[in-house]
Amino acid sequence: MNRQREVIYAERRLVLEGEDIGTQVGDFMAETISAYVRSATAQGYAEDWDLSQLWTAIKLIYPISFTPEDLIAEFGSVSALDAEILEARLLEDAEAAYKKREEELGAEVLRELERKVLLSVLDRKWREHLYEMDYLQEGIGLRAMAQRDPLVEYQREGYELFAAMMDAIKEELASLVFNVEVTVEGDGSQITARGVDEKPAQKAPLRYSAADENGIVTSGDVSRNSPCPCGSGKKFKRCHGAA
């Protein structure tokens, strides 16, 4: 937990000191898009990929300028596509969209927006993570019944929760930078980002029912960015929560 806290507070310090985090935002955006592409193309041939579902997910992050059909037409057939081509084209398109967003808002306004959004998302996600760690600690003793070391399991699952939180921060930051409504006030040094500073509505926890590698079905609550309880190694939102 100490290491996790250091990572979060180092990020907060950059924001509070007014550092330019534009490059970091670009990296977050690229990592998020690449993760979606890898998940969508992990199995089967290009003909088996659900490009429609991939596009639906990516559109929530930034406004894509081309369709799957455009890409297929460019290469002649869907079989001519591969994961590297798909990832490269989406990253190139996302970078162009980011530059357009910067031109629309102005560089200084976008930098301030990025800092405001990152601080808001960091604080909210960190609070949620602390609640999840408390919940994990309360039930970790039950791992001993499955012949597992509770301390080792706590460290492993805590790391997975933290990694999921960081991925969620990157994705939400990239999405808000593109989609939030911005109002510039006064001389331009102050901006208001609609929805960023507002208290989010309480969401009902997602429910799951999935079988693990032994075929044992379990059910309960899970967040979209937590590891899927089925044991696939994927996030819940990209596995049993993808529907």
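**Core, helix packing and selected residues**

Trp55 is in contact (heavy atoms within 4.5 Å) with Ile64, Phe66, Thr67, Pro68, Leu71, Leu86 and Leu90, leaving aside its neighbours within four places in sequence. The model is predicted: local features need pLDDT of at least 70, side-chain atom pairs count only at pLDDT 80 or more, and totals for chains, interfaces and linings use all residues. Residues are numbered from 1 along each chain as its sequence is written, and side-chain values use heavy atoms, with hydrogens and water left out.

The chain has seven helices and four strands. Helices (H or I, at least four residues) and strands (E, at least two) are DSSP runs, numbered from the N terminus. Along the sequence, their pattern is α-α-α-α-α-α-α-β-β-β-β. Of the 243 residues in the chain, 38% are buried. Buried means under 20% relative accessible area, exposed means over 50%, and partly exposed lies in between (1.4 Å probe, protein chains only). Contacts between residues at least 6 apart in sequence were also examined. Of these, 61% join residues at least 24 apart.

Trp55 also belongs to the largest nonpolar core, which holds 48 residues. A nonpolar core is a set of buried Ala, Val, Leu, Ile, Met, Phe, Trp, Tyr and Cys residues joined through side-chain atoms within 4.5 Å. Leu54, Trp55, Tyr62, Leu86 and Leu90 touch the most other members. At least two residues of this core come from each of α1 (2-16), α2 (22-40), α3 (51-59), α5 (83-105), α6 (107-139), α7 (150-179) and β2 (190-193). In soluble globular proteins, nonpolar side chains tend to be buried together.

Helix packing comes next. Two packed helices are described by the angle between their axes and the distance between the axes. Axes are lines fitted to C-alpha atoms, for helices over the stretch in contact, and angles run from 0 to 180 degrees between N-to-C directions. Angles under 35 degrees count as roughly parallel, over 145 as roughly antiparallel, 65 to 115 as roughly perpendicular and the rest as oblique. A crossing is left-handed if the near helix is turned anticlockwise from the far one by less than a right angle, and right-handed if clockwise.

The axes of α4 (residues 68-75) and α5 come within 12 Å and cross at roughly 125 degrees. α4 is therefore oblique to α5. The crossing of α4 past α5 is right-handed. From α4, the contact uses Leu71, Glu74 and Phe75; from α5, Ile85, Leu86 and Arg89. These divide into four nonpolar, no polar and two charged residues. Here Ala, Val, Leu, Ile, Met, Phe, Trp, Tyr, Cys and Pro count as nonpolar, Asp, Glu, Lys and Arg as charged, and the others, Gly among them, as polar.

α1 and α7 pack at about 10 degrees, with their axes 11 Å apart. That angle makes α1 roughly parallel to α7. α1 passes α7 in a right-handed crossing. Gln4, Val7 and Ile8 of α1 meet Gly158, Tyr159, Phe162, Met165, Met166 and Ile169 of α7. Seven residues of this contact are nonpolar, two are polar and no residue is charged.

For α5 and α7 the angle is about 50 degrees, and the axes are 10 Å apart. The two helices are therefore oblique to each other. α5 passes α7 in a left-handed crossing. Ala94, Ala97, Tyr98 and Arg101 of α5 meet Val177, Phe178 and Asn179 of α7. By class, the contact has five nonpolar residues, one polar and one charged.

Ile61 lies in the loop between α3 and α4. Ile61 is buried, with a relative accessible area of 1%. Its C-alpha atom is separated by 4.1 Å from that of Ser175, 114 residues apart along the chain. Beyond four places in sequence, Ile61 is in contact with Thr32, Tyr36, Glu171, Ala174, Ser175, Phe178 and Asn179.

Glu114 lies in helix α6. Glu114 is buried, at 0% relative accessible area. Leaving aside neighbours within four places in sequence, Glu114 is in contact with Ile21, Gly22, Val25, Tyr98, Leu173 and Val177. The C-alpha atoms of Glu114 and Phe178 are separated by 9.9 Å, and these residues are 64 residues apart along the chain.

Thr192 is found in strand β2. Thr192 counts as partly exposed, at 32% relative accessibility. Not counting residues up to four places away in sequence, Thr192 touches Glu181, Val182, Thr183 and Glu185.
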